[in-house]
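Okay, thanks for coming, everyone. Have the model up on your screens while I talk, and let's go through a strand and then a helix residue.

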Amino acid sequence: MNKKIALVFLSLLLSINYVLPCTNFLVGKKASTDGSTFITYAADSYFLFGSLHFSPAATYPAGAMRDIYEWDTGKFLGKIKQARQTYNVIGNMNEHQVCIGETTFGGLHELVDTAGIIDYGSLIYIALERAATAREAIKIMTDLVAEYGYCSEGESFSVADPNEVWILEMVGKGAGSKGAVWVAQRIPDDCVSAHANQARITQIPFSDKENCMYAPDVVKFARQKGLFKGKDSEFSFSDIYNPLDDVALHVCESRVWAFFNGVNPDMYRYISYVKGQTKERMPLWIKPVKKLSAQDMKDFMRNQFEGTEFDMTQGYGAGPFHTKLRHSPLTYFVDSVEYTHDRPVATQQTGFSFVGQMRSWLPDYAGGIFWFGVDDAASSCYVPIYCCTNKVPWCFSHENGSLLEYSSTSAFWVFNQVANFAYGKYSFMQPEIKKVQQQWDAYFNELVPKTDALAAKLSKEDAQKMLTDGVVRQSEDLTNAWRSLGEYLLVKYLDGNVKIEENGKFIQNEAKIPPKILRLGYPVEFMREMVKQRPDLRVKSKEELENRK
């Protein structure tokens, strides 16, 4: 993925912990319906143009160097040694089915080292270019920051391959202290985990070398900085390097809770923790009550707290037509008191999101599926992109439009047009979007096993060509379908009114004029609030009208 965004000054990044309020869900292979591992990622930022990253496999001469540009700003940071051999990377997955996501937790501002050469985004894509397993990716990432310095805020990374799923949490050491302190824990195969802009690893199982890795000075450094004085067994990475606050609970931990509550009803009890009423933290991982499929993961990425008291489509903020949209900023002041909006998984400012599915029983070129979508996941759709794909569909290209350049062939703009139009009359239009979304979900879910079977009969080279051609065609077909959906919604809901359909066609006379248009007005409860503010607009009561007749 190439982040084609406006420049963001580092001082702004340091002053706002939640510039990139992303979300990752992680699933072990025994917690899935078919033995897949999963990680998901919503890349959320008002500065983010959603496009699909690609870097081809390549061989480099001895002594070659690699330029490093900061992922968020495009700023040149320096050069590092290039690997002799790099792997094919499409999106956030490479040809060996290694997949990486992230969420920024920020942490203590004094621990950011602006002199480092490696930023969090470069870490992801360099590791994908070089790693054949999740463990290897973690070693590459931690070795890189040790050698070249780490210049980003604190990050939680999801790192997975077809057999293992890990969380790696990392924070810098501040000016004058090169490198980072970090800890990585493997998620048990029968469990799921999540993180969303808040560090979640607490106590470190130092003796479990098979399932836990950590910087040698992860505790020592905290002591040197005066951040911790207890025993090693009492040390909590999250509590020391990224202490919880009220905003983190409402807009970070609440998204983790939404996923956990969705896979295990026992997790509902942590709603009091998310509200800041109790202190017991949610566990790092839990066992789901049922195994999860790729479709389940897509649906969780579309979560808007439905069915809970945080439901984004309910309450005064949702307006008369129950929109999920909450205008930024995330926090706001009323009478000198700060408040925050709820923050669901699916948000309007998502640049892109994905569900990474890794399958150990298939050859790598056909095993990894990078389910990719742009814009708000609640009104978007995921295309299955095989990890051997070596061409970016034009609709997902970073060269096709930008955040400041509209393109009618860019999926980012096509999906945004539909979503932004629907926000105004969400209770009417979102069900129509969901209907089309479900049709395409069903189509892709049926297509994948058929494609797997065809690919398995081909050589790697022939399979790569077939799969790449299919990815390009399906991506463009989906984008065209969404463009048609937008045109349909515009016609049907023009100016806030509704045209009547029959058997899938608009009712019209010979002059192509609808004989009737529904003018639905406002819900009763909203009209009551309107007349409270303007009682002078009263005309007459129904009783007065009847008497006049």
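Two strands pair if DSSP finds at least two bridges between them.

Now the ground rules. This is a predicted model, where local features need pLDDT of at least 70, side-chain atom pairs count only at pLDDT 80 or more, and totals for chains, interfaces and linings use all residues. Residues are numbered from 1 along each chain as its sequence is written, and side-chain values use heavy atoms, with hydrogens and water left out.

So, strand S2, residues 37-44. What does S2 pair with? On one hand there's strand S19, residues 350-358, antiparallel to S2 over eight bridges; in S19, Phe352 is the bridge partner of Ala43. Strand S1, residues 24-27, also runs antiparallel to S2, over two bridges, and Leu26 has Ile39 in S2 as its bridge partner.

Is S2 buried or exposed? Eight of its eight residues are buried, so S2 is largely enclosed by the rest of the structure. Buried here means under 20% relative accessible area, with a 1.4 Å probe and protein chains only. Both faces are covered: Thr37, Ile39, Tyr41 and Ala43 on one side, Phe38, Thr40, Ala42 and Asp44 on the other.

Next, Val256, which sits in helix H6, residues 246-263. Val256 counts as buried because its relative accessibility is 1%. Beyond neighbours within four places in sequence, Val256 is in contact (heavy atoms within 4.5 Å) with Ala194, His195, Ala196, Arg200 and Met282. And Ser193, 63 residues away in sequence, is 8.1 Å from Val256, C-alpha to C-alpha.

Terms used:
Buried < 20%, exposed > 50% of the residue type's maximum accessible area, 1.4 Å probe, protein only. Helix = DSSP H or I, 4+ residues; strand = E, 2+ residues; numbered from the N terminus.
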